[in-house]
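Please read this briefing alongside the sequence and the coordinates.

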Amino acid sequence: MIKEILTSELNLLKNFEILLEDERKILLNSEASKLPTIIEEKKNLALELSKLERKRKEICGSKTANDLISEGIIEQELIEEIIKLTETVKEKNELNSLLTKQSLAYIKMYTNLLSNENKIVTYKGTGKVDESLQSIFNTTI
């Protein structure tokens with residue numbers, strides 16, 4: 001039973017890795033309209049992984065992977081593959097997070113350059129307020 005759970009976890013991690021690679025391509029190609037689908041799929045995979053992990057803990061209790069290996073319940077190779085794939089998924093997820101933050105920072109900067117939020121309020125010689133925009137497009141050098 002535990003071997004089946006761990007094998008299922010491994011398969012979900014493989015699917016997660018493929019999904020993260022798709023997400024990276026979407027982020028690099030600026031195809032934001034496809035992101036909600038990817039995010040939903042990531043949520044579903046994470047939920048499935050969580051359920052499997054809960055089952056594993058119920059069955060194994062406080063036994064570690066080394067305990068299960070030494071008892072002959074699972075193979076060392078399975079655990080090594082899960083650990084390696086978990087690290088890969090973590091790295092790809094962090095990269096995608098950085099790409100997302102970078103895109104958001106670029107959008108924010110670009111929006112600020114074009115927005116009316118950068119007004120400078122001064123008074124004209126007549127005493128009336130003169131609101132001029134402060135932007136790189138109308139700044140003299």
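Predicted model: local features only at pLDDT ≥ 70, side-chain atom pairs only at ≥ 80, totals over all residues.

Residues are numbered from 1 along each chain as its sequence is written, and side-chain values use heavy atoms, with hydrogens and water left out. The secondary structure of the chain comes to four helices and two strands, where helices (H or I, at least four residues) and strands (E, at least two) are DSSP runs numbered from the N terminus.

**Overall fold and confidence**

- Along the sequence, the elements of the chain follow the pattern α-α-α-α-β-β.
- The mean pLDDT of the chain is 85, and 82% of its residues reach 70 or more, pLDDT being the predictor's confidence in each residue on a scale from 0 to 100.
- Confidence within the chain is highest in H1, at a mean of 94, and lowest in strand S2 (residues 129–133), at a mean of 57.
- Of the 141 residues of the chain, 23% count as buried, a class that means under 20% relative accessible area, with exposed set at over 50% and partly exposed in between (1.4 Å probe, protein chains only).
- The chain exposes about 10300 Å², of which carbon and sulfur atoms supply 56%; these areas come from the Shrake-Rupley method with a 1.4 Å probe, and for residues only the protein chains shown count as cover.
- Among contacts in the chain with a separation of 6 or more, 59% are accounted for by residues 24 or more positions apart, contact meaning heavy atoms within 4.5 Å.

**Helices H1 and H4**

- Helix H4 (residues 76–114) has 39 residues and reaches 57 Å from its first C-alpha to its last, close to the 57 Å expected at 1.5 Å a residue; the expected span of a helix is 1.5 Å times one less than its number of residues.
- Just after H1, Ser30 takes a positive phi of about 55 degrees.
- The buried residues of H4 are Leu78, Ile79, Ile82, Leu85, Val89, Asn96 and Leu99, and what covers them includes helix H1 (2–28) and helix H3 (65–70).

**The nonpolar core**

- In the largest nonpolar core, which has 26 residues, Ile2, Leu6, Leu13, Phe16, Ile74 and Ile82 touch the most other members; such a core is a set of buried Ala, Val, Leu, Ile, Met, Phe, Trp, Tyr and Cys residues joined through side-chain atoms within 4.5 Å.
- H1, helix H2 (35–60), H3 and H4 each supply at least two residues of this core, and its largest share, eleven residues, comes from H1.
- Not counting residues up to four places away in sequence, Phe16 touches Lys42, Leu45, Ala46, Leu49 and Val89.
- Ile5 lies in helix H1 and is buried, with a relative accessible area of 4%.
- Leaving aside neighbours within four places in sequence, Ile5 is in contact with Leu52, Lys55, Arg56 and Ile59; Ile5 and Lys55 are 50 residues apart in sequence and 7.8 Å apart in space, C-alpha to C-alpha.

**Salt bridges**

- A search of the whole structure finds eleven salt bridges, each being a side-chain nitrogen of Lys or Arg within 4 Å of a carboxyl oxygen of Asp or Glu.
- Glu17, Glu21, Arg24 and Lys92 are linked in a network of salt bridges.
- Arg24 is partly exposed at a relative accessible area of 24%, as are Glu21 at 21% and Lys92 at 22%.
- Glu71 forms a salt bridge with Lys63, the closest N and O atoms being 3.1 Å apart; Glu71 is partly exposed, with a relative accessible area of 44%, and Lys63 is partly exposed at 36%.
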